Structure formats: C-alpha cells, structure tokens
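User: I'd like to go through this model with you piece by piece. Could you take my questions as they come?

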Amino acid sequence: RKMRQIIDNPVIATDVKMRTIVHPYLCIVRHGILQGNDFSIDIGNVTAETDLGLQFTLSDRGTEARKNNEFEKIEKLPFQFQIYYNKLDSSKCLRILSDNRPLTGDKIVSELHADVAVLALTTIQSAVGRSLLNKQYKEARSDLFATQHLLDRLSQT
C-alpha cells in the first residue's frame, strides 16, 4: 500500500531551492522565526503533491510605516518567488513568479477572501516546525488554537 502511494506520486524535480522576496514593509516568518524580506530555503525533491506554506508579518519598517499612516497610500505590495530546480533529465531550470497583492485594512474583506486550505496548511507546517525544530510547544499550540477559531469563524460565513 505504501509502495503504491510512492509510485503514484513520483518525484518531478530535484535539488529544489526557493528564494522569496517581499516588500521591505513585510517580513517572512518560518517556524516562528523572523527571516527578513529576502529568504531562501532548500526544499530538495518535490512531487506533484508537495506543498510549502510561508507566513508574513510586518517588519520593523512596516510597523513604523503603519504608525505613520503610510499604508493608506499603498494599494498593493510586490512578492517574488524564484524557484531553482533540476528536471529529471538533469537540466537546470529557474522559474520566477511575481505578483502585486492588494492590501486592505478591513478585517471583513480579508476574511471574505481568505483561502482556508492555505491558512490551515501553513499553520500546521509552522506548528510542526516550531515544535520539532525550535521546541516552542506552547507557541505552536497557541497558533493552532487561534487558527482553529479563525477557520471556525470563516466557515460560518
């Protein structure tokens, strides 16, 4: 049975690395640790079912901008993902995904557009990382409970 799952989900790329670049007002959070606005991660082999969630928060610069009401002037923030990988034929590839994402200070608007599957996946990955890698058991549990309450609220709308 396990062998069948492995066969049905073959590796599609090897030596995968991802670089994420976000606006200086944002900071990437990985397993509860602030990583800055330019973050790279070695992923290794990936299959069609591989998922990776990243969290963002305001950087110190972003917090200062928020205090000074600078966010009212900004409609969108840029994101870029640079994915380096090897195909199975050993050719080296780079895929760049860039986008500008809209901002809102309205909680109702953000909750209406929330993707619950992505929220759940990212929180679970973060909680596992915080627990296993950083020994932050209480923080991981708190994140899981907070996300559960958010998902419960989102599922009622």
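User: What share of the chain's residues is buried?
Analyst: Buried residues make up 27% of the 157 residues in the chain, where buried means under 20% relative accessible area, exposed means over 50% and partly exposed lies in between, computed with a 1.4 Å probe on protein chains only. This is a predicted model, in which local features need pLDDT of at least 70 and side-chain atom pairs count only at pLDDT 80 or more, while totals for chains, interfaces and linings use all residues. Residues are numbered from 1 along each chain as its sequence is written, and side-chain values use heavy atoms, with hydrogens and water left out.

User: And how many helices and strands are there, in which order?
Analyst: The chain has 5 helices and 7 strands, where helices (H or I, at least four residues) and strands (E, at least two) are DSSP runs numbered from the N terminus. From the N terminus on, the elements run α-β-β-β-β-β-α-β-β-α-α-α. The C-alpha atoms fill a box of roughly 55 × 35 × 35 Å, taken along the principal axes.

User: What fraction of the contacts joins residues at least 24 apart?
Analyst: Counting contacts between residues at least 6 apart in sequence, 63% join residues at least 24 apart, with contact meaning heavy atoms within 4.5 Å.

User: Switching to helices, how do H4 and H5 cross?
Analyst: The axes of helix H4 (residues 116–132) and helix H5 (residues 137–155) come within 8 Å and cross at roughly 170°. The axes are lines fitted to C-alpha atoms, for helices over the stretch in contact, and angles run from 0 to 180 degrees between N-to-C directions. H4 is therefore roughly antiparallel to H5, given that angles over 145 degrees count as roughly antiparallel, under 35 as roughly parallel, 65 to 115 as roughly perpendicular and the rest as oblique.

User: Which residues make that contact?
Analyst: On the H4 side they include Leu119, Thr123, Ile124 and Ala127, and on the H5 side Asp143, Leu144, Thr147 and Leu151 are among them. The residues of the contact of H4 with H5 divide into 11 nonpolar, 3 polar and 3 charged; here Ala, Val, Leu, Ile, Met, Phe, Trp, Tyr, Cys and Pro count as nonpolar, Asp, Glu, Lys and Arg as charged, and the others, Gly among them, as polar.

User: Thr123, then: buried or exposed?
Analyst: Thr123 has a relative accessible area of 8%, so it counts as buried. A polar atom of its side chain lies 2.8 Å from the backbone oxygen of Leu119. Leaving aside neighbours within four places in sequence, Thr123 is in contact with Asp143, Leu144 and Thr147.

User: How many aromatic pairs turn up?
Analyst: A search of the whole structure finds 2 aromatic pairs. In one of them, Phe56 and Phe79 are edge-to-face, at 5.1 Å centre to centre and with 80° between the planes. Rings of Phe, Tyr and Trp (its six-membered ring) pair if their centres lie within 6.5 Å, and planes under 30 degrees apart count as stacked, over 60 as edge-to-face and the rest as tilted.

User: Where do Phe56 and Phe79 sit?
Analyst: Phe56 is in strand S5 (residues 55–58) and Phe79 in strand S6 (residues 76–86), so the pair links distant parts of the chain, 23 residues apart. Phe56 counts as partly exposed at 34% relative accessibility, whereas Phe79 counts as buried at 15%.

User: What does Pro78 touch?
Analyst: Pro78 is also placed in strand S6 and is partly exposed, with a relative accessible area of 33%. Neighbours within four places in sequence aside, Pro78 is in contact with Ile21, Val22, His23, Asp99 and Asn100. Pro78 and Ile21 are 57 residues apart in sequence and 8.5 Å apart in space, C-alpha to C-alpha.

User: How far is Asp106 from Asn86?
Analyst: Their C-alpha atoms are separated by 42 Å, with the two residues 20 apart along the chain. Asp106 is found in the loop between S7 and helix H3 (107–112), and a polar atom of its side chain lies 2.9 Å from the backbone nitrogen of Ile108.

Note on methods: Polar contact = N/O pair within 3.5 Å; in protein donor to acceptor, adjacent residues only side chain to side chain.
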